[in-house]
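Me: I have a protein model to go through. Can we take it step by step?

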Amino acid sequence: MLLGSYTVTIPDFFAMLGGKTIPGASFIIMENKLPQALLGLLAGASFGMAGTIFQSMLRNPLASPDIIGISYGASATAVAAMVIFGVRGAGVSVAAIIGALLVALLITLLARGRGGTGLILIGIGAAAFMQAAVTFLLSRADINNAQEVIVWLTGSLNSANWERVTILTVALVVLLPLIAGGSRDLRGLALGDDTAAGLGFNVPRARLLLTILGVLLAALPTAAAGPISFVAFLSGPIAKRLNGGVASLPLSALVGAAIVLAGNFAAVNAIPGTSLPVGVVTGALGAPFLLWLLISSNRANQGG
């Protein structure tokens, strides 16, 4: 918040938090940079936990919401709500949650009995279909709506405001009990279904709880800031490596928040006079990692 093309001293920042008005600086910090930072922190944390939940449950680093179609489901219904019905604010969040839940239910039903790899492949197909639906909706939108939606689809904090920060904060606070329970269930399932059942875990209930939680954690930040690409995909593996190979929702949340905040700082300051969407930077980071993961997995399979 204090760095970039417009710098502010730390004493001035705390003075503004205390209510002091500094011409120019107060507006830039309190109405622009601070909402962006808070929205980026919350969205990154939420995406990070969502990615870890699906990757750990399905035991596959490719199984993040942005790869298996859940984020695209949220995007498609959110775009439909904005373009067709002119919905804004909390209505977009509701539409995104409905879309994410429907896609998760669909791919779960279609992948029944096919294992984690089958679910991932079906999810990739669902993502392609949803992406086509978004393209169709954009072709039917007027030029002003289409431009706004395209920026949102890239994943951007540039339109952050206190309303979006408040909605996402309240939603995540409401989900805190589920997150606490999901973290415990995730540790149990990491031991394997048979071992978890032997330790007293209700495995089907735990999977259902974690699926719903993962969908909500992916849909809510998507509605607030757009589908910021690869944050969910990157956060889990990085946090797992930092934590000695053990999945951790709190650490994944911190890693996700760090990725979004660092990515947004780079996006805003990389090109003087131009503020890029944060999704451009996270996409540039995530694409090489995805290619490396696919190549390494292929080599491992050939070696086996």
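This is a predicted model: local features need pLDDT of at least 70, side-chain atom pairs count only at pLDDT 80 or more; totals for chains, interfaces and linings use all residues.

Me: How far does α11 reach from its first C-alpha to its last?
Reply: α11 has 21 residues. At 1.5 Å a residue, 30 Å is expected. The model comes close to that, with a reach of 30 Å.

Me: Which residue caps the N-terminal end of α11?
Reply: Look for a side-chain oxygen by the backbone nitrogen of Leu 251. One lies 3.3 Å from that nitrogen. The oxygen belongs to the capping residue, Ser 248.

Me: Is Gly 51 buried or exposed?
Reply: Gly 51 is found in helix α2, residues 25-57. Its relative accessibility is 0%. Buried means under 20%. Therefore Gly 51 counts as buried.

Me: What distance separates the C-alpha atoms of Gly 51 and Ser 252?
Reply: Ser 252 is one of the buried residues in α11. Along the chain, Gly 51 and Ser 252 are 201 residues apart.

Me: Are α3 and α6 roughly parallel or roughly antiparallel?
Reply: Helix α3 (residues 70-84) and helix α6 (residues 143-154) pack with their axes 11 Å apart. The angle is about 160°. Angles over 145 degrees count as roughly antiparallel. So α3 is, relative to α6, roughly antiparallel.

Definitions and conventions
Residues are numbered from 1 along each chain as its sequence is written. Side-chain values use heavy atoms; hydrogens and water are left out. Helices (H or I, at least four residues) and strands (E, at least two) are DSSP runs, numbered from the N terminus. The expected span of a helix is 1.5 Å times one less than its number of residues. Buried means under 20% relative accessible area, exposed over 50%, partly exposed in between (1.4 Å probe, protein chains only). A polar contact is a pair of N or O atoms within 3.5 Å; within protein, one must be able to donate a hydrogen and the other to accept it, and residues adjacent in sequence count only if both atoms are side-chain atoms. Axes are lines fitted to C-alpha atoms, for helices over the stretch in contact, and angles run from 0 to 180 degrees between N-to-C directions. Angles under 35 degrees count as roughly parallel, over 145 as roughly antiparallel, 65 to 115 as roughly perpendicular and the rest as oblique.
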